[in-house]
Amino acid sequence: MRILLTNDDGIHAEGLASLERVARTLSDDVWVVAPEQDQSGYAHSLSISEPLRLRKIGEKHFAVRGTPTDCVIMGVKKILPGAPDLILSGINSGANIADDVTYSGTVAGAMEGALLGIRSIALSQGYSTVGEDRVVPYETTEALAPALLKKLVAAPLPAGVLLNVNFPNCLPQEVAGTVVTSQGKLVHSLWVDERRDGRGLPYYWLRFGREPVEGKQGTDLHALRNRLVSVTPLQLDLTAHEIRDQLSKALA
(Lines give C-alpha, C1' and ligand atoms only; values in the text may rest on other atoms or scores of the structure.)
Protein backbone atom coordinates (compact mmCIF):
# COMPACT_ATOMS: atom_id res chain seq x y z
CA MET A 1 0.00 0.00 0.00
CA ARG A 2 1.39 3.39 -1.03
CA ILE A 3 0.54 6.17 1.44
CA LEU A 4 0.78 9.92 0.91
CA LEU A 5 1.02 12.14 4.00
CA THR A 6 0.30 15.85 4.22
CA ASN A 7 -0.79 18.40 6.82
CA ASP A 8 -1.48 22.09 7.36
CA ASP A 9 0.92 22.72 10.27
CA GLY A 10 3.96 22.54 7.99
CA ILE A 11 6.66 20.11 6.94
CA HIS A 12 8.54 20.33 10.26
CA ALA A 13 5.49 19.92 12.52
CA GLU A 14 5.70 17.42 15.34
CA GLY A 15 2.31 16.02 14.37
CA LEU A 16 3.52 15.16 10.87
CA ALA A 17 6.47 13.20 12.26
CA SER A 18 4.03 11.40 14.54
CA LEU A 19 1.75 10.61 11.59
CA GLU A 20 4.66 9.15 9.66
CA ARG A 21 5.36 6.74 12.52
CA VAL A 22 1.69 5.73 12.42
CA ALA A 23 1.74 5.28 8.63
CA ARG A 24 4.81 3.07 8.80
CA THR A 25 2.85 0.56 10.88
CA LEU A 26 0.69 0.10 7.78
CA SER A 27 3.25 0.23 4.96
CA ASP A 28 6.90 0.80 4.05
CA ASP A 29 5.94 2.87 1.02
CA VAL A 30 5.24 6.20 2.73
CA TRP A 31 5.65 9.60 1.04
CA VAL A 32 5.48 13.02 2.68
CA VAL A 33 4.44 16.13 0.73
CA ALA A 34 3.61 18.98 3.09
CA PRO A 35 3.51 22.79 3.13
CA GLU A 36 6.78 24.59 3.69
CA GLN A 37 5.04 26.90 6.16
CA ASP A 38 2.04 26.76 8.48
CA GLN A 39 -1.16 26.79 6.43
CA SER A 40 -3.71 26.53 9.25
CA GLY A 41 -7.06 28.04 8.33
CA TYR A 42 -6.40 28.03 4.59
CA ALA A 43 -9.13 25.43 4.10
CA HIS A 44 -9.51 24.02 0.58
CA SER A 45 -7.63 26.81 -1.17
CA LEU A 46 -5.47 26.56 -4.30
CA SER A 47 -2.43 28.60 -5.27
CA ILE A 48 -3.34 29.73 -8.78
CA SER A 49 -1.92 33.27 -8.82
CA GLU A 50 1.66 32.36 -8.01
CA PRO A 51 4.02 29.45 -8.80
CA LEU A 52 4.48 26.44 -6.56
CA ARG A 53 8.02 25.94 -5.30
CA LEU A 54 9.07 22.37 -4.54
CA ARG A 55 11.97 21.40 -2.31
CA LYS A 56 13.20 17.88 -1.60
CA ILE A 57 14.26 17.64 2.03
CA GLY A 58 14.90 13.90 2.26
CA GLU A 59 14.10 10.51 0.80
CA LYS A 60 10.38 10.59 -0.12
CA HIS A 61 10.04 13.89 1.79
CA PHE A 62 9.08 17.09 -0.05
CA ALA A 63 8.09 20.60 0.98
CA VAL A 64 5.79 22.71 -1.19
CA ARG A 65 5.43 26.46 -0.85
CA GLY A 66 1.67 26.22 -1.01
CA THR A 67 -1.48 24.92 0.66
CA PRO A 68 -2.40 21.37 1.74
CA THR A 69 -4.52 21.12 -1.40
CA ASP A 70 -1.52 22.09 -3.50
CA CYS A 71 0.55 19.44 -1.73
CA VAL A 72 -1.90 16.64 -2.47
CA ILE A 73 -2.13 17.63 -6.13
CA MET A 74 1.66 17.85 -6.43
CA GLY A 75 2.09 14.52 -4.67
CA VAL A 76 -0.42 12.65 -6.82
CA LYS A 77 0.21 14.38 -10.16
CA LYS A 78 3.94 15.09 -10.04
CA ILE A 79 6.02 13.58 -7.23
CA LEU A 80 4.90 10.02 -6.50
CA PRO A 81 5.73 7.31 -9.05
CA GLY A 82 2.08 6.28 -9.05
CA ALA A 83 -1.17 7.23 -7.37
CA PRO A 84 -1.30 6.48 -3.62
CA ASP A 85 -3.76 3.97 -2.21
CA LEU A 86 -4.33 6.10 0.88
CA ILE A 87 -3.93 9.77 1.85
CA LEU A 88 -3.52 10.70 5.51
CA SER A 89 -3.67 14.36 6.53
CA GLY A 90 -2.45 15.49 9.97
CA ILE A 91 -1.87 14.92 12.77
CA ASN A 92 -3.29 18.36 13.40
CA SER A 93 -2.36 20.23 16.57
CA GLY A 94 -5.91 20.68 17.85
CA ALA A 95 -9.28 19.14 17.06
CA ASN A 96 -11.03 19.77 13.74
CA ILE A 97 -14.69 19.35 14.62
CA ALA A 98 -18.09 20.95 14.09
CA ASP A 99 -17.98 24.17 12.04
CA ASP A 100 -14.18 24.26 12.17
CA VAL A 101 -13.97 21.63 9.43
CA THR A 102 -14.91 24.36 6.94
CA TYR A 103 -11.72 26.29 7.81
CA SER A 104 -9.42 23.32 8.30
CA GLY A 105 -6.46 22.78 6.00
CA THR A 106 -6.09 19.32 7.52
CA VAL A 107 -9.58 18.31 6.43
CA ALA A 108 -8.98 19.99 3.07
CA GLY A 109 -5.99 17.74 2.40
CA ALA A 110 -8.26 14.72 2.77
CA MET A 111 -10.97 16.49 0.78
CA GLU A 112 -8.65 16.92 -2.19
CA GLY A 113 -7.73 13.26 -1.97
CA ALA A 114 -11.40 12.29 -2.09
CA LEU A 115 -11.88 14.53 -5.13
CA LEU A 116 -9.07 12.59 -6.81
CA GLY A 117 -10.81 9.31 -6.02
CA ILE A 118 -8.34 8.23 -3.32
CA ARG A 119 -9.36 7.00 0.12
CA SER A 120 -8.50 9.89 2.42
CA ILE A 121 -8.53 10.38 6.18
CA ALA A 122 -7.87 13.50 8.26
CA LEU A 123 -6.49 13.04 11.78
CA SER A 124 -6.47 15.64 14.56
CA GLN A 125 -5.46 15.58 18.23
CA GLY A 126 -7.10 17.64 20.97
CA TYR A 127 -4.80 19.59 23.26
CA SER A 128 -4.68 21.68 26.42
CA THR A 129 -2.90 24.93 27.25
CA VAL A 130 -0.60 25.27 30.24
CA GLY A 131 0.36 28.90 30.65
CA GLU A 132 1.44 30.01 27.20
CA ASP A 133 2.39 26.49 26.10
CA ARG A 134 0.25 24.14 24.03
CA VAL A 135 0.40 20.56 25.30
CA VAL A 136 -0.59 18.09 22.56
CA PRO A 137 -0.67 14.40 23.57
CA TYR A 138 0.33 13.00 20.19
CA GLU A 139 1.06 9.72 21.96
CA THR A 140 -2.70 9.16 22.10
CA THR A 141 -3.06 9.24 18.32
CA GLU A 142 0.12 7.21 17.87
CA ALA A 143 -1.12 4.51 20.22
CA LEU A 144 -4.66 4.22 18.86
CA ALA A 145 -4.48 5.21 15.19
CA PRO A 146 -2.72 2.13 13.72
CA ALA A 147 -5.45 -0.35 14.71
CA LEU A 148 -8.21 2.13 13.89
CA LEU A 149 -6.78 2.94 10.45
CA LYS A 150 -6.57 -0.73 9.54
CA LYS A 151 -10.31 -1.01 10.19
CA LEU A 152 -11.11 2.22 8.34
CA VAL A 153 -9.04 1.23 5.30
CA ALA A 154 -10.89 -2.08 5.10
CA ALA A 155 -14.37 -0.57 5.57
CA PRO A 156 -16.50 0.13 2.47
CA LEU A 157 -16.60 3.80 1.57
CA PRO A 158 -18.55 5.38 -1.31
CA ALA A 159 -16.97 7.80 -3.75
CA GLY A 160 -16.88 11.40 -2.62
CA VAL A 161 -16.66 10.58 1.09
CA LEU A 162 -13.70 11.28 3.36
CA LEU A 163 -13.19 10.48 7.04
CA ASN A 164 -12.48 13.04 9.73
CA VAL A 165 -10.94 11.42 12.83
CA ASN A 166 -10.41 13.33 16.07
CA PHE A 167 -8.64 12.04 19.18
CA PRO A 168 -9.59 13.40 22.63
CA ASN A 169 -7.27 15.41 24.84
CA CYS A 170 -6.25 12.66 27.24
CA LEU A 171 -3.73 9.85 27.60
CA PRO A 172 -4.25 6.67 25.55
CA GLN A 173 -5.33 4.63 28.56
CA GLU A 174 -7.97 7.23 29.39
CA VAL A 175 -9.76 6.99 26.04
CA ALA A 176 -13.24 5.52 26.54
CA GLY A 177 -13.68 4.10 23.03
CA THR A 178 -14.38 5.02 19.42
CA VAL A 179 -17.69 6.19 17.95
CA VAL A 180 -18.98 7.19 14.54
CA THR A 181 -20.34 10.72 14.81
CA SER A 182 -22.02 13.54 12.94
CA GLN A 183 -20.65 17.04 12.59
CA GLY A 184 -21.54 19.17 15.60
CA LYS A 185 -22.36 22.86 15.86
CA LEU A 186 -20.19 25.42 17.65
CA VAL A 187 -21.37 28.74 18.99
CA HIS A 188 -18.55 31.02 17.99
CA SER A 189 -17.69 33.95 15.80
CA LEU A 190 -14.65 35.65 14.40
CA TRP A 191 -13.57 38.87 16.02
CA VAL A 192 -11.55 41.65 14.40
CA ASP A 193 -8.77 42.79 16.73
CA GLU A 194 -7.46 46.22 15.75
CA ARG A 195 -3.88 47.17 16.67
CA ARG A 196 -1.34 49.84 15.77
CA ASP A 197 2.08 49.41 14.23
CA GLY A 198 5.22 51.40 15.06
CA ARG A 199 4.06 54.31 12.93
CA GLY A 200 0.62 54.39 14.50
CA LEU A 201 -1.09 52.89 11.45
CA PRO A 202 -3.87 50.34 12.05
CA TYR A 203 -3.60 46.64 11.29
CA TYR A 204 -5.92 43.79 12.16
CA TRP A 205 -5.88 40.21 13.47
CA LEU A 206 -8.78 37.81 13.11
CA ARG A 207 -9.31 35.82 16.28
CA PHE A 208 -11.83 33.29 17.49
CA GLY A 209 -14.30 34.02 20.23
CA ARG A 210 -16.04 30.94 21.56
CA GLU A 211 -18.92 30.25 23.90
CA PRO A 212 -19.26 26.97 25.79
CA VAL A 213 -21.84 24.63 24.26
CA GLU A 214 -23.22 21.26 25.20
CA GLY A 215 -22.58 19.02 22.23
CA LYS A 216 -25.54 16.80 21.36
CA GLN A 217 -25.03 13.10 21.83
CA GLY A 218 -23.84 11.53 18.60
CA THR A 219 -21.79 14.55 17.52
CA ASP A 220 -18.04 14.96 17.32
CA LEU A 221 -18.22 17.60 20.07
CA HIS A 222 -19.94 15.21 22.47
CA ALA A 223 -17.49 12.43 21.67
CA LEU A 224 -14.35 14.42 22.44
CA ARG A 225 -15.81 15.83 25.64
CA ASN A 226 -16.45 12.29 26.79
CA ARG A 227 -12.96 11.07 25.89
CA LEU A 228 -14.10 9.17 22.82
CA VAL A 229 -12.35 9.01 19.46
CA SER A 230 -14.65 10.58 16.88
CA VAL A 231 -14.91 9.26 13.32
CA THR A 232 -17.05 11.51 11.12
CA PRO A 233 -17.80 10.66 7.49
CA LEU A 234 -17.88 13.87 5.44
CA GLN A 235 -19.14 14.15 1.87
CA LEU A 236 -18.08 16.39 -0.98
CA ASP A 237 -21.64 16.90 -2.18
CA LEU A 238 -22.82 20.03 -0.34
CA THR A 239 -26.29 20.01 -1.91
CA ALA A 240 -29.13 20.43 0.60
CA HIS A 241 -31.17 17.68 -1.03
CA GLU A 242 -33.99 17.88 1.51
CA ILE A 243 -35.11 21.33 0.31
CA ARG A 244 -34.79 20.89 -3.45
CA ASP A 245 -38.50 20.08 -3.82
CA GLN A 246 -39.46 23.10 -1.70
CA LEU A 247 -37.35 25.41 -3.85
CA SER A 248 -38.76 23.90 -7.04
CA LYS A 249 -42.30 24.60 -5.82
CA ALA A 250 -41.35 28.15 -4.82
CA LEU A 251 -39.98 28.83 -8.30
CA ALA A 252 -42.78 27.12 -10.18
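Asp-8 lies in the loop between strand 1 (2–6) and helix 1 (14–23), where helices (H or I, at least four residues) and strands (E, at least two) are DSSP runs numbered from the N terminus. The model is predicted: local features need pLDDT of at least 70, side-chain atom pairs count only at pLDDT 80 or more, and totals for chains, interfaces and linings use all residues. Residues are numbered from 1 along each chain as its sequence is written, and side-chain values use heavy atoms, with hydrogens and water left out.

Me: Is Asp-8 buried or exposed?
Reply: Buried means under 20% relative accessible area and exposed over 50%, with partly exposed in between (1.4 Å probe, protein chains only). The relative accessible area of Asp-8 is 3%. Asp-8 is therefore buried.

Me: With which side chain does the side chain of Asn-92 make a polar contact?
Reply: Asn-92 is in strand 5 (residues 86–93) and is buried at 6% relative accessibility. A polar contact is a pair of N or O atoms within 3.5 Å; within protein, one must be able to donate a hydrogen and the other to accept it, and residues adjacent in sequence count only if both atoms are side-chain atoms. At 3.1 Å, the partner is the side chain of Thr-106.
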